[in-house]
Amino acid sequence: MRNKQPSLLTYNDVTPKEDFDNSRALISASRRQFMLQSSTVMLASGLAPSTLWAGNKIENIKKSMYSTKEKPTPYEYVTTYNNFYEFGTGKGDPVVNAHRLKTKPWSVTVEGEVGKPGVYDLEDILKRQQLEERIYRLRCVEAWSMVVPWIGFSLAELIKQMEPTSKAKYVEFTTLYDPEQMPGQNRRTLKWPYTEGLRMDEAMNPLTLMATGLYGEEMPNQNGAPLRLIVPWKYGFKSIKSIVKIRLTEHMPKTSWNEVASREYGFYANVNPQVPHPRWSQSRERIIGASLFTPKRDTEMFNGYGEQVASLYKGMSLRRFF
Ligand SMILES: Nc1nc2c(c(=O)[nH]1)N[C@H]1C(S)=C(S)[C@@H](COP(=O)(O)O)O[C@H]1N2
Ligand SMILES: [Mo]
């Protein structure tokens with residue numbers, strides 16, 4: 001994960017941070033301003049404005065008790081500064097390229113150690129879930145972070161409905177493989193398709209979210225539509241996007257980043273300011289959307305979620321199992 005300058009926008013140009021009070025009027029006003037300011041860039045890149053005007057509003061969203069009290073990062077940053085290698089390795093690539101992804105209809109294959117394997121329509125999965133808005137920090141291994149009002153449901157609920165067998169010890173997730181829609185897969189930056197995994201108790205933790213949207217709307221493609229994982233106490237690369245398969249397994253699954261560089265990206269990937277990445281420190285983070293003069297923020301153990309998750313790793317060396 002190289003640190004590249006965003007190619008789409010100069011972030012200083014964007015509207016200053018505004019209060020997010022969940023009011024649609026406010027969000028669209030700031031977006032309108034953003035559209036005006038960035039229209040030249042978009043014309044130059046051939047990007048249709050609709051790419052930035054995300055999908056439909058999501059109804060019946062419950063507020064979550066798990067949200068942080070922090071101010072969310074403005075929508076413009078959340079949806080234009082992305083990591084999604086299937087659409088390019090630059091932070092500005094996904095917003096330009098991800099319109100190629102067709103997210104409806106979408107099916108999810110459920111297999112492995114489950115009583116109810118099968119290919120499920122995402123629409124049918126969603127009918128059975130209570131959607132919540134949860135404001136979580138996303139902390140990238142590249143030492144930046146943002147706070148996002150995600151919309152989603154508990155992975156635990158979905159796993160229970162799959163009826164795990166007694167052998168189910170891990171969960172493996174797989175992103176879509178389709179180089180036609182995901183041109184980044186024509187390059188061997190990672191071994192495709194992207195895969196990730198969690199230990200069963202991590203997957204069942206109530207903080208673990210299957211996200212389908214953000215800022216009250218359906219997930220923009222560049223953020224991993226139509227279904228992605230969010231594990232707020234782990235580095236961003238665990239939060240796999242555009243999931244087409246969930247497999248319950250007895251053995252620890254392989255994960256894409258671990259396969260490409262096992263010294264740098266472990267299976268656990270818990271946010272830990274005391275364990276540096278081999279090439280840089282993890283003790284502080286750059287706040288996406290803040291001004292250039294805003295100091296970096298001290299990174300918290302487990303990204304601030306220690307109270308809820310530290311017990312999962314009792315007796316484990318977090319230096320060895322990074
Ligand atoms: N399929 C897939 N999922 C992915 C990635 C990716 O390249 N491909 N990048 C990961 C990384 S490194 C991060 S930091 C987050 C970024 O999520 P965001 O773009 O919504 O902020 O997505 C993660 N999920
Ligand atoms: Mo990341």
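Modeller: Strands β6 and β11 run antiparallel and are joined by six bridges. (Strands, E, at least two residues, and helices, H or I, at least four, are DSSP runs numbered from the N terminus.) This is a predicted model, in which local features need pLDDT of at least 70 and side-chain atom pairs count only at pLDDT 80 or more, whereas totals for chains, interfaces and linings use all residues. Residues are numbered from 1 along each chain as its sequence is written, chains are lettered from A and ligands numbered from 1 in the order in which they are written, and side-chain values use heavy atoms, with hydrogens and water left out.

Within the pair, Glu-172 has Arg-247 in β11 as its bridge partner. Their side chains also meet in a salt bridge, with N and O 2.9 Å apart; the term covers a side-chain nitrogen of Lys or Arg within 4 Å of a carboxyl oxygen of Asp or Glu. Arg-247 sits in β11 (residues 243–249) and Glu-172 in β6 (residues 170–175), so the contact ties together parts 75 residues apart in sequence. Glu-172 counts as buried because its relative accessibility is 11%, while Arg-247, at 29%, counts as partly exposed. (Buried is under 20% relative accessible area, exposed over 50%, and partly exposed in between, with a 1.4 Å probe and protein chains only.)

The two strands belong to an open, mixed sheet of five, ordered β3-β2-β11-β6-β7; strands pair if DSSP finds at least two bridges between them. β3 (118–121) and β7 (195–199) are the edge strands with a single partner each, so one side of each has no neighbour in the sheet. From one strand to the next, the twist averages 20 degrees. Helix α5 (residues 155–162) lies across β2 (107–112), β6, β7 and β11, at about 65 degrees to β11. (Contact is heavy atoms within 4.5 Å; axes are lines fitted to C-alpha atoms, for helices over the stretch in contact, and angles run from 0 to 180 degrees between N-to-C directions.)

Lys-91 pairs with Glu-142, their closest N and O atoms being 2.9 Å apart. Lys-91 is in the loop between α2 (75–78) and α3 (93–97) and Glu-142 in the loop between β4 (132–139) and β5 (144–154), so this bridge ties together parts 51 residues apart in sequence. Both Lys-91 and Glu-142 are buried.

Glu-285 and Arg-297 form another, at 3.0 Å from N to O. Glu-285 lies in β12 (residues 284–287) and Arg-297 in β13 (residues 297–298), so the parts joined are twelve residues apart in sequence. Glu-285 is buried at 0% relative accessibility, and Arg-297 is buried at 18%. Shared partners link Glu-70, Arg-137, Arg-139, Glu-285, Arg-297 and Glu-300 into one network of salt bridges.

Now the ligand. Ligand 1 is surrounded by 18 residues, the closest being Asn-82, Tyr-85, Glu-86, Arg-228 and Lys-241; a residue counts if one of its heavy atoms lies within 4 Å. A polar side-chain atom of Thr-175 is 3.0 Å from a nitrogen atom of ligand 1. A polar side-chain atom of Arg-228 lies 2.6 Å from an oxygen atom of ligand 1.

For the whole protein, there are eight helices and 13 strands, and 56% of the 322 residues count as buried.

How values were computed: A polar contact is a pair of N or O atoms within 3.5 Å; within protein, one must be able to donate a hydrogen and the other to accept it, and residues adjacent in sequence count only if both atoms are side-chain atoms.
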